[in-house]
Amino acid sequence: MASAAEQLAANLNFGAIAKAEELKKRIWFTLGALIIYRLGTYIPLPGIDPEALRQSFEAASGGILGMFNMFSGGAVERMAIFALNIMPYISAAIIMQLMTAVSPTLEALKKEGESGRKVINQYTRYLTLVLSIFQSWGIAVGLQSSGGIVIDPGPFFIITTVITLTGGTMFLMWLGEQITARGIGNGISLIIFAGIVAQLPAATIGLFELGRQGAISTAFILFVIVMAMGIIYFVVFMERSQRRLLINYPKRQVGNRMYDGQTSFLPLKLNTAGVIPPIFASSLLLLPTTVASFAAAEGGDGIMATIAIYLGHGRPLFMILYASMIIFFAFFYTAIVFNPSETADNLKKHGGFIPGIRPGERTADYIDYVLTRITVIGAAYLTVVCLIPEFLISYAALPFYLGGTSLLIVVTVTMDTVAQVHGHLMAHQYEGLVKKAKLKGARRNR
């Protein structure tokens, strides 16, 4: 069975994609949706002075605002209708998952299956709307307080900005859901991925421009390129790493026939949470500092300017908060997506057991024991990948798109998307084999 699956996976190529009509439709739909998203990042808000905005952004882009711009695909520096991007939805998803863990009502909904999941998703959409209104209001107030950016400041500008930015976020949330349902999957991740990838060529050109101007040495540029390649290799290696638990199935009798015992493995990924922890951590860091960065850009004093200064890249507070949130969400999201008790119950129902471990509660405790320890390694890996390039960005003023978080997102989403495409191709080829078998059976019956 395994050899057949490996042989089928080896045959996946562009020729196979060309024959899979359903998969081609999904790919074209995904590409069309991402093109629409990219077009929206170039439609500016009404009532903004582009030159004044550019000057203000350049003064503030060295801090958290630069990371916000990275996730939005450059929409922030142009103050486009998609400037908020999908971040309010991610923040809402974080809050809902936290609430699910502490609220008995939401926990009961989660256990109801598909119907309960739909209700929780609807609550997430409502919360996304609330957070979008709050953040867009903060951006509108921040733009007005930054003298010269808004051509005609006043209540009308604030109202139109709130409606436009909130509408942009809600549209992107819907677009991401459509990509997941009608495209190749991972809609929200693909939107973030598209924004980062679209900025990579400009970031690379900017890196070489810094070298041409003498701001950084040629040796340092080579070091950054080698470091980026090393991070990509390291991410691929760690994302494919697993701890396999041996599962034995005893002999069983079906009717008059005796079946021999079987052996399989329960694969536990080293990084079960994937790219979610850095995205969640970045989203929560962006939420309270949207207005603060604009206030700091104008050299303002007070709490908001202080927050923006201390949350700048390379600052100890930023590094500590970022690392702490990544570690927390690595464990939290792993606990959300993988339940050792359910896994142990399923093994017990099918007669499977881990050698030397009693089925049931003892098995659940052992799986949790192993999962916790490999998650420590996974959380440390995510923290190192995301923080080491941040020090280099702070040291040499490199573009944010060359940082560890962006590379991690790009590599991980690429791997997940390729896996989705492979899954669709395997399903297509399996359907083709089933049809051929039915045709052969029909011919024999004749």
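Reader: Which residues does Glu 239 touch, leaving out its neighbours in sequence up to four places away?

Author: Glu 239 touches Lys 269, Asn 271, Gly 274, Tyr 381, Leu 408, Thr 412 and Met 415. Keep in mind that this is a predicted model.

Reader: Why is Glu 239 called buried?

Author: Buried means under 20% relative accessible area. Glu 239 has 6% relative accessibility, so it counts as buried. You'll find Glu 239 in helix 11.

Reader: What makes Glu 239 and Lys 269 a salt bridge?

Author: The cut-off is a side-chain nitrogen of Lys or Arg within 4 Å of a carboxyl oxygen of Asp or Glu. For Glu 239 and Lys 269 the N to O distance is 3.8 Å, so the pair meets the definition. Glu 239 sits in helix 11 and Lys 269 in strand 4 (residues 262-269), so the pair ties together parts that are 30 residues apart in sequence.

Reader: How many salt bridges does the structure hold?

Author: Three. Another one joins the side chains of Arg 125 and Glu 177, at 3.0 Å from N to O. That pair links distant parts of the chain, with Arg 125 in helix 8 (residues 114-145) and Glu 177 in helix 9 (residues 155-182), 52 residues apart. Arg 125 is partly exposed with a relative accessible area of 23%, and Glu 177 is partly exposed with 22%.

Reader: Why is Arg 212 called exposed?

Author: Exposed means over 50% relative accessible area. Arg 212 has 62% relative accessibility, so it counts as exposed. Glu 209, with a relative accessible area of 28%, is partly exposed.

Reader: While we're on helix 10, how does its reach compare with what is expected?

Author: Helix 10 covers residues 187-212, which is 26 residues. From first C-alpha to last, helix 10 reaches 39 Å, close to the 38 Å expected at 1.5 Å a residue.

Reader: Where does helix 10 bend?

Author: At Leu 200, by about 35 degrees. A proline, Pro 201, follows within four residues. After helix 10 comes Gly 214, with a positive phi near 85 degrees.

Reader: Which residues of helix 10 are buried?

Author: Among them are Gly 187, Ile 188, Phe 193, Gln 199, Ala 203 and Leu 207. Over the chain, buried residues make up 46% of the 446 residues.

Reader: What makes Gln 420 partly exposed?

Author: Gln 420 has 30% relative accessibility, so it counts as partly exposed. Gln 420 has its place in helix 18 (residues 404-445). Leaving aside residues up to four places away in sequence, Gln 420 touches Ile 184 and Asn 186. The C-alpha atoms of Gln 420 and Asn 186 are separated by 8.8 Å, although the two residues are 234 apart along the chain.

Reader: Which residues form the nonpolar patch on the surface?

Author: Phe 208, Leu 222, Ile 225 and Met 229, with about 400 Å² of accessible area together. Helix 11 (residues 218-240) gives the largest share, three residues.

Reader: How do you know that Met 229 is exposed?

Author: The label needs over 50%. Met 229 has 56% relative accessibility, so it counts as exposed. Met 229 is placed in helix 11.

Reader: Last one, the whole chain: how many helices and strands are there?

Author: There are 18 helices and four strands. Among contacts between residues at least 6 apart in sequence, 75% join residues at least 24 apart. The accessible surface of the chain is about 23200 Å², and 64% of that belongs to carbon and sulfur atoms.

Note on methods:
Residues are numbered from 1 along each chain as its sequence is written. This is a predicted model: local features need pLDDT of at least 70, side-chain atom pairs count only at pLDDT 80 or more; totals for chains, interfaces and linings use all residues. Side-chain values use heavy atoms; hydrogens and water are left out. Patches are made of residues with over 30% relative accessible area and no salt bridge: like charges are joined within 9 Å, nonpolar side chains (Val, Leu, Ile, Met, Phe, Trp, Tyr) within 5 Å. Accessible areas come from the Shrake-Rupley method with a 1.4 Å probe; for residues, only the protein chains shown count as cover. Helices (H or I, at least four residues) and strands (E, at least two) are DSSP runs, numbered from the N terminus. Buried means under 20% relative accessible area, exposed over 50%, partly exposed in between (1.4 Å probe, protein chains only). The expected span of a helix is 1.5 Å times one less than its number of residues. The bend at a residue is the angle between axes fitted to the seven residues ending there and the seven starting there. Contact means heavy atoms within 4.5 Å.
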